[in-house]
Amino acid sequence: MDRAIVGRPVQQGEDMGMSVARILRIGQVAANGNLAWDSLSNHASPSLQSRCFNVLLRCLPFKMQLASAEAVQAHVRKLAVQPASHQPTGLGRGVEVTLTKMGGWPVYYTAPSAGSGGGNYVMFLHGGGYINEIVPAHWRFVGRITREGRVSCVVPIYPLAPGATAKEIVPATAELLRMLLEDAGSAKVTVVGNSAGAGLALAACQWLRDRGHRQPDGLVLISPAADASVSRPEQVAIAACDPIQDIPGIIEAARLYAGELDVGHPFVSPLNGAFRSLAPMIIFSGTRDLLYPDSVDLAARARAAGVAVELHLLRDQPHNYALMPTPEGQQARKIIMSMVA
């Protein structure tokens, strides 16, 4: 699994915020010293569906909600008055779901309804900048994992910032994962997270490692929120191309999630944590995601610590492209299914 995968090499003179030369310099190479390619790299340019989806995303209010600290604060106040539902919507047919509570959190369990599953488990941690609830797109993804991977999914509904902060959420998530690993026995357990959920997954696994607990069998990190400071100079240029995210809003949401901790604390910015003895990782990111330089560094630091890593970095793909209804998203999901099944 220790290989790097990049969508298409950046041609000389192109400004992508971080060049392939930069990627190579920080160690983003395969074991034999060559850049590795797979079927994802067959797309010389993004698919038509992907290009259309990027245009559509710019028409939606996501970026506007992250345009300033004030916009985030207004959004949080609105959610405090009208909390979003976390009930499963969009799981699709062939999936059974039950709800329980663990440690005071709602926790959903899904399983294939037609016959028994394969006995393996996935813990899914949703994104949303730590201030937004799980949404139907997340549930559709969970439903697909359950049906196609023939696995049972565990979906914790963790409390949101600023009502809860990283100091409570990371250890509580890690403890839920520890219990799942204990109950699973010899069955495979994979943790899948997107965006903020991917950052939480990584921080929880670092917490488990530091306390001598078992690691999951794999980590799938989709557009991980690994460094809450968003302080790289190149990210300003990338933000202009990102159809979903903006820097001021991400920084403010991270401040709310950090609470009394510094935003550089590994609970908030797990890129600053240690990577030794972590589970094998697959990371998905795209060059229209202002967080993608952190994914490149994350892969390099994990690999330097001896962790098996695959980085799938695709040209002109946006934040969370692996969850989107595009050919690139479909291919990413196939890779995810092969890991969790």
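## Exercises on a predicted model

V230 is buried, with a relative accessible area of 6%; buried means under 20% relative accessible area, exposed over 50% and partly exposed in between (1.4 Å probe, protein chains only). This is a predicted model, in which local features need pLDDT of at least 70, side-chain atom pairs count only at pLDDT 80 or more, and totals for chains, interfaces and linings use all residues. Residues are numbered from 1 along each chain as its sequence is written, and side-chain values use heavy atoms, with hydrogens and water left out.

**Exercise 1.** Find where V230 is located, and state its phi.

Solution. Step one: V230 is found in the loop between β7 (218-222) and α8 (234-241). Helices (H or I, at least four residues) and strands (E, at least two) are DSSP runs, numbered from the N terminus. Step two: phi of V230 is positive, about 40 degrees, although this residue is not a glycine. Most residues other than glycine have a negative phi, and most peptide bonds are trans.

**Exercise 2.** Decide whether R150 is buried, partly exposed or exposed.

Solution. Step one: R150 lies in the loop between α5 (136-149) and β5. Step two: its relative accessible area is 29%, so R150 is partly exposed. Step three: R150 has a positive phi near 55 degrees and is not a glycine.

**Exercise 3.** Describe the peptide bond between A161 and P162.

Solution. Step one: omega is about 5 degrees, and the bond is cis. Step two: P162 sits in the loop between β5 (152-156) and α6 (166-184).

**Exercise 4.** Describe how α4 and α9 pack.

Solution. Step one: the axes of α4 (residues 69-81) and α9 (residues 247-258) come within 7 Å and cross at roughly 50 degrees. Axes are lines fitted to C-alpha atoms, for helices over the stretch in contact, and angles run from 0 to 180 degrees between N-to-C directions. Step two: this angle makes α4 oblique to α9 (under 35 degrees is roughly parallel, over 145 roughly antiparallel, 65 to 115 roughly perpendicular, the rest oblique). Step three: A69, V72, Q73 and V76 of α4 make the contact with P248, G249, E252, A253, R255 and L256 of α9, where contact means heavy atoms within 4.5 Å.

**Exercise 5.** State how many residues of α7 are buried.

Solution. Step one: α7 (residues 196-210) has 15 residues. Step two: 14 of the 15 are buried, so α7 is largely enclosed by the rest of the structure. Step three: G212 follows α7 and has a positive phi near 80 degrees.

Methods. Expected span 1.5 Å × (residues − 1).
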